[in-house]
Amino acid sequence: MESDLPIIIRPSRDDDVEPMLAIYRRHIRHGIEAGVEDTGTPQPDDLKDRRKNLRNRKLPHLVATRGGQIVGYAYVVLFRKRPAYRFTVKHSIYVHHEHLGRGIGRLLMQALIDACAAAGFRQMIGYIDAENGASLALHERFGFARVGLLPGVAYRYGKWSDSVMVQRSLGAGATQPIS
Ligand SMILES: CC(C)(COP(=O)(O)OP(=O)(O)OC[C@H]1O[C@@H](n2cnc3c(N)ncnc32)[C@H](O)[C@@H]1OP(=O)(O)O)[C@@H](O)C(=O)NCCC(=O)NCCS
């Protein structure tokens, strides 16, 4: 059975971009994450450039595969561009809609945390829609603390939504200076 196949987490490649975009578009159209329409969706070439750019700057960009199919992805960008923030990243994680609830998000999250810690980052930050119970639970499971509530920052389907800001330290976090 397909669901018996192992899930493999690995760094993304150029030819992963199309299936990653398909996962993203589906969540935009049907999910509570992201937007309501396609106008702001990145095009494959944009995503390829962004992926290369992240790789050059040693920012983890991972995919989950099962039986050769891309079933999820996770990556980080710098939290802010100014140099003082260079040890803090902001992450995103998406699982294919037909593969939800089978532990793929958990594997991606663990791999992303490990890769970010290994790369020397000290803090991870995420923004989650306040109604996104699955994502809130996933983050709680991995020790992210709720550090902020941003009321009414998203508008979709005729309704304002809040975002929850979550944060987790990596390695020594803020307990030690950078040597
Ligand atoms: C959030 C998301 C990545 C979770 O991925 P997943 O593969 O379905 O999650 P997993 O099966 O690995 O479950 C991991 C944990 O998430 C939580 N979880 C997952 N689905 C859940 C649900 N429907 N309701 C409540 N908690 C849920 C649980 O805590 C679970 O751990 P446990 O079962 O061991 O207790 C996935 O739902 C997704 O891609 N959602 C759409 C995009 C999105 O919202 N991304 C996050 C943006 S911040």
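Helix 4 makes the greatest contribution to the shell around the ligand, supplying six residues. This is a predicted model, in which local features need pLDDT of at least 70 and side-chain atom pairs count only at pLDDT 80 or more, while totals for chains, interfaces and linings use all residues. Residues are numbered from 1 along each chain as its sequence is written. Helices (H or I, at least four residues) and strands (E, at least two) are DSSP runs, numbered from the N terminus.

Of the 22 residues around the ligand, those that come nearest are G105, R106, A134, A137 and L138, where a residue is near a molecule if its C-beta atom, placed from the backbone, lies within 6 Å of it. Each element in the table supplies at least two residues of the shell.

| Element | Residues |
|---|---|
| Strand 4 | 88-95 |
| Helix 3 | 104-118 |
| Strand 5 | 123-129 |
| Helix 4 | 133-141 |

Just after helix 2, K58 takes a positive phi of about 60 degrees.

G67 lies in the loop between strand 2 (61-66) and strand 3 (69-78). G67 and D4, although 63 residues apart in sequence, are 9.4 Å apart in space, C-alpha to C-alpha.
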